[in-house]
Structure formats: structure tokens, C-alpha cells
Amino acid sequence: MTGALVDTRTSDGTLDAYRRVIAVTGWALPVVSFLGRLPVAVIQFGSVLLVTRTSGSLATGGTVACALALGQVAMGPFVGRLADRRGQRPVVLAFALLNSLAIALYTLAALHDLPTPALVALGILAGATVPGIGPLARARGVALVRREGADERVVNAVLSLESTMDELSFVLGPALIGVASVIAHPAYAFGAAALLVAVCGAGFALHPTAGAVPRSAKRAASASGPRMPRQVHVVRGGLVLLGVLLGGCGAGITALTQELGHEDQAGLVYAAMGVMSAVVGLSMAAVPERFTLPARWRVATAGAALLSLPLIVTDTLPLLYVVVTVFGALFAPNLITGFGLTERAVPRERLAEGMTVAASAFVGGQAVTLAVAGRLAQAHGPAAAFAVGSVAAVLAFLVALRVRPLQAPADPPTPAVAGP
């Protein structure tokens with residue numbers, strides 16, 4: 001075991017950790033979970049472009065996108081709590097099918113230029129029915145490797161792999177929107193998203209591992225369950241601010257590309273940021289355990305605050321690509337560390353709920369900012385939206401300073417005892 005921990009600084013040790021993860025989950029689970037979460041990235045980022053194109057107003061696009069994200073934020077914790085109580089299989093299956101239908105209705109409404117209130121209502125529906133595959137996959141993966149007696153190195157590999165898949169989905173999602181916008185219309189990407197969530201969401205729900213995860217949680221979750229520690233709420237506050245940072249960047253990117261006459265490039269610019277973030281995310285499994293999670297978060301939030309500043313003065317498309325790509329190197333470390341802190345702090349019996357609430361906190365910050373920063377960008381230019389993100393990054397650093405070092409939790413042995 002000691003030798004394995006020393007190997008965390010080497011590529012062999014990192015690859016071994018990923019091999020152990022795949023040995024437990026199998027190859028099919030990461031594939032269907034990745035494809036099943038891709039539609040979330042498409043509709044979150046694409047809503048701004050779709051509604052902006054059909055309505056002609058960036059402010060309207062931001063408002064509807066905010067409504068969609070807030071629907072997801074409101075229902076996300078409920079989905080996680082329901083998965084803890086009933087199991088992931090029936091919950092994900094039902095929500096995946098509902099989400100597919102909701103995305104289709106939302107897309108048709110935008111194409112027919114329905115009034116803004118109708119678009120807002122359908123956007124809320126599309127967000128509220130998101131099956132939460134990303135956070136539930138985190139919970140499932142962590143529970144499976146914990147049950148096998150894996151050490152923190154392997155748990156960290158699960159979180160790194162899941163965050164990298166999130167980043168890759170937020171690369172391909174905007175890229176899919178960008179390609180569809182250039183070739184024809186962003187609505188085609190929404191059609192693909194509806195199909196993917198139905199097929200791959202069902203695949204994730206029906207995978208054999210779905211029945212193995214919730215057994216120990218189900219009994220404890222039947223009541224209110226153990227209370228969430230204060231640490232969890234501090235981390236959620238930091239994740240809200242990281243969502244504000246991403247929302248400000250998204251609104252700024254959309255506004256700047258539109259101002260420069262290259263609005264169809266917005267998705268590709270966003271994807272460039274995601275590529276760098278995904279590459280760095282995969283390497284996070286090699287970070288030694290002695291570099292504690294609170295210390296990592298302080299470094300990552302400080303770096304994000306510094307690297308977001310050049311965005312405020314960026315005024316050309318080539319420079320935007322460069323600055324956004326460099327900035328992307330700090331995003332995955334922030335998210336991976338935030339989810340890592342959440343996993344360490346939440347009671348085992350409420351792991352799915354803890355992960356979905358953490359994801360909802362991040363999406364909620366992004367949602368509100370899309371609406372506010374979109375209007376700021378329309379009134380005062382892209383720099384105003386980027387400035388909102390920079391301020392949020394500074395505040396996230398201040399929150400990270402309040403996170404205290406975590407002891408190895410007493411909970412992890414529980415799944416091994418209570419599990420089948």
C-alpha cells in the first residue's frame with residue numbers, strides 16, 4: 001500500500017489508479033454516463049445561442065438559459081435524494097425519458113418564436129427533468145470503489161475521471177452547438193441532445209452497477225438521515241461562486257464574439273477552454289495526497305482569479321482563444337477539488353444527494369450569472385461580464401481560505417460493511 005501511495009507522483013501510479021477504477025466499473029459505464037450527460041452541456045450553453053438567434057436578443061437568451069438552469073438547480077437535490085431512497089435505476093430512467101420530451105418541446109417553442117414567458121416555462125421544464133447523470137455517476141463510482149476497499153488515490157481517480165468527462169462534455173456540447181450553428185441551425189444540436197438523453201440515459205439507468213450502489217443508503221435515507229456538516233455548506237458556497245465565474249465567462253464569450261461579428265465561434269471558443277481543462281483534469285489523479293484538498297482549492301481559486309483578469313481587456317478573436325485556453329487550465333482543478341471536499345465531508349448515506357446538491361450549487365451560480373451578465377454585456381460590453389467572473393473568482397478564493405483540513409472520514413468503511 002505504501003508503495004502505491006508513493007507512486008501517485010508517477011505516471012505508472014496514475015494509470016494504475018485509473019485501471020483500478022475501470023476494473024470496478026467496467027468500460028461501458030463511463031461511456032454511457034459520458035454520452036448521457038452530454039445533452040446537459042448542449043442545452044445549458046446552447047440555450048443562449050438558440051434563443052438569441054430566434055428572438056434576436058442576447059438578454060432574452062440569457063434569461064431563458066437562466067430559467068433552464070434554475071429548473072435543474074431546484075430539482076437536482078430532489079433527484080439525488082430520490083436516488084438515495086429508491087435507487088438510481090428507476091429515477092434516472094424516468095427522468096431521462098421526461099427530459100428527452102422536454103428538450104424537444106423547448107426546441108420547437110424556440111423555433112416557433114413563442115413569447116418569452118412560454119420559453120421560460122419550457123426552459124424550466126427542460127432543466128427540472130435533467131436526470132443528473134454526472135453527479136450520480138460520481139456517487140456510483142465512489143461507492144463502488146469504496147466498497148472494494150480502495151484507498152484515497154483511487155477515489156481521487158474516480159473524481160478526476162468524472163470531472164474530466166464533465167469537462168469533455170462541456171467541450172463537445174458547445175462544439176456541437178457551434179458546428180450546428182455554422183452549418184445550419186443550433187436546433188439540430190438540441191435534437192441530437194434529446195435523442196442522446198433518451199438512449200444513453202436509459203443505458204446508464206439499466207447498467208448492472210445501478211442496483212449495487214444504493215442498498216446501504218436506502219435504509220438511512222428513509223428518514224431524514226444524518227445532518228450535513230458545516231464544511232459541506234462552505235464548499236457549496238465556493239461552488240456557487242465558481243458557477244458565477246463560468247457564467248460570466250460564458251456571457252462574455254458570447255457577447256464578444258457577437259461584437260466581433262463571429263457569433264458562430266462562441267461554442268468553439270468555449271470548447272477550447274474545455275479542452276485545456278479536461279487535459280489538466282486527467283492529471284489531477286497524480287497529485288500527491290500530502291497536498292491536501294483545502295490547499296489545492298486555495299491554489300486553484302487563486303490561479304483562476306489571476307488568469308481571469310486578462311479576459312477583461314481581451315478585444316480580438318485570436319487573443320480570446322489564447323486567453324480562454326490558458327484560463328481553462330485552472331477550471332478542472334477547482335471542480336475536482338470541490339467535489340472531492342464534498343465526498344470527504346458528506347455522510348455515506350447521503351452521497352448521491354450531496355453530489356447532486358454540489359452540482360446544483362455550481363449550476364445555480366452559473367444560471368443567475370447568465371441572466372445578469374448577459375444584460376450587463378448587452379448594456380456595457382463583454383468586459384462587464386468578464387469582470388463579474390473575476391470578482392466571483394476572488395470571492396471563491398476567500399471561501400477556500402475558510403475550508404479546514406479534512407481527516408480521513410470515519411464513514412468510508414460503512415459501505416464495505418453494509419454493502420452486499
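Tutor: Buried means under 20% relative accessible area, exposed over 50%, and partly exposed in between (1.4 Å probe, protein chains only). The model is predicted, so local features need pLDDT of at least 70 and side-chain atom pairs pLDDT 80 or more, while totals for chains, interfaces and linings use all residues. Numbering starts from 1 along each chain as its sequence is written, and side-chain values use heavy atoms, without hydrogens and water.

Student: Is Asp-113 buried, partly exposed or exposed?

Tutor: Start with its place: Asp-113 sits in the loop between helix 5 and helix 6. Helices (H or I, at least four residues) and strands (E, at least two) are DSSP runs, numbered from the N terminus. The relative accessible area of Asp-113 is 48%, so the residue counts as partly exposed.

Student: What is the phi of Asp-113 near?

Tutor: Most residues other than glycine have a negative phi. Asp-113 is not glycine, yet its phi is positive, near 55 degrees.

Student: How many helices and how many strands are in the chain?

Tutor: Buried residues make up 61% of the 420 residues. For the secondary structure, the count is 18 helices and 0 strands.

Student: What share of the contacts in the chain with a separation of 6 or more joins residues 24 or more positions apart?

Tutor: Contact means heavy atoms within 4.5 Å. Take the contacts with a separation of 6 or more; the share from residues 24 or more positions apart is 86%.

Student: Which residue forms a salt bridge with Arg-37?

Tutor: The whole structure holds 1 salt bridge (a side-chain nitrogen of Lys or Arg within 4 Å of a carboxyl oxygen of Asp or Glu). Its closest N and O atoms are 2.7 Å apart, and the partner of Arg-37 is Glu-162.

Student: Are the rings of Tyr-106 and Phe-190 stacked, edge-to-face or tilted?

Tutor: The structure has 3 aromatic pairs. Rings of Phe, Tyr and Trp (its six-membered ring) pair if their centres lie within 6.5 Å; planes under 30 degrees apart are stacked, over 60 edge-to-face, the rest tilted. The centres of Tyr-106 and Phe-190 are 6.0 Å apart and the planes are at 45 degrees, so this pair is tilted.

Student: How many residues apart are Tyr-106 and Phe-190?

Tutor: Tyr-106 is buried, at a relative accessible area of 0%. Phe-190 is buried too, with a value of 0%. Tyr-106 lies in helix 5 (residues 88-111) and Phe-190 in helix 9 (residues 187-206); the pair links distant parts of the chain, and the gap is 84 residues.

Student: How far apart are the C-alpha atoms of Leu-70 and Val-368?

Tutor: Leu-70 is in helix 4 (residues 58-86) and is partly exposed, with a relative accessible area of 37%. Not counting residues up to four places away in sequence, Leu-70 touches Ala-367 and Val-368. Leu-70 and Val-368 are 298 residues apart along the chain, but their C-alpha atoms are separated by 7.8 Å.

Student: How far apart in space are Val-130 and Ala-102, C-alpha to C-alpha?

Tutor: Val-130 lies in the loop between helix 6 (116-128) and helix 7 (133-147). Its relative accessible area is 6%, so Val-130 is buried. Leaving aside neighbours within four places in sequence, its contacts are Val-40, Ile-43, Gln-72, Val-79, Phe-95 and Asn-99. Ala-102 is 28 residues from Val-130 in sequence; C-alpha to C-alpha, the separation in space is 9.3 Å.

Student: Which residues is His-207 in contact with, leaving aside its neighbours within four places in sequence?

Tutor: His-207 is in the loop between helix 9 and helix 10 (215-221). With a relative accessible area of 12%, His-207 is buried. Apart from neighbours within four places in sequence, its contacts are Thr-25, Ala-28, Leu-29, Arg-89 and Arg-140.
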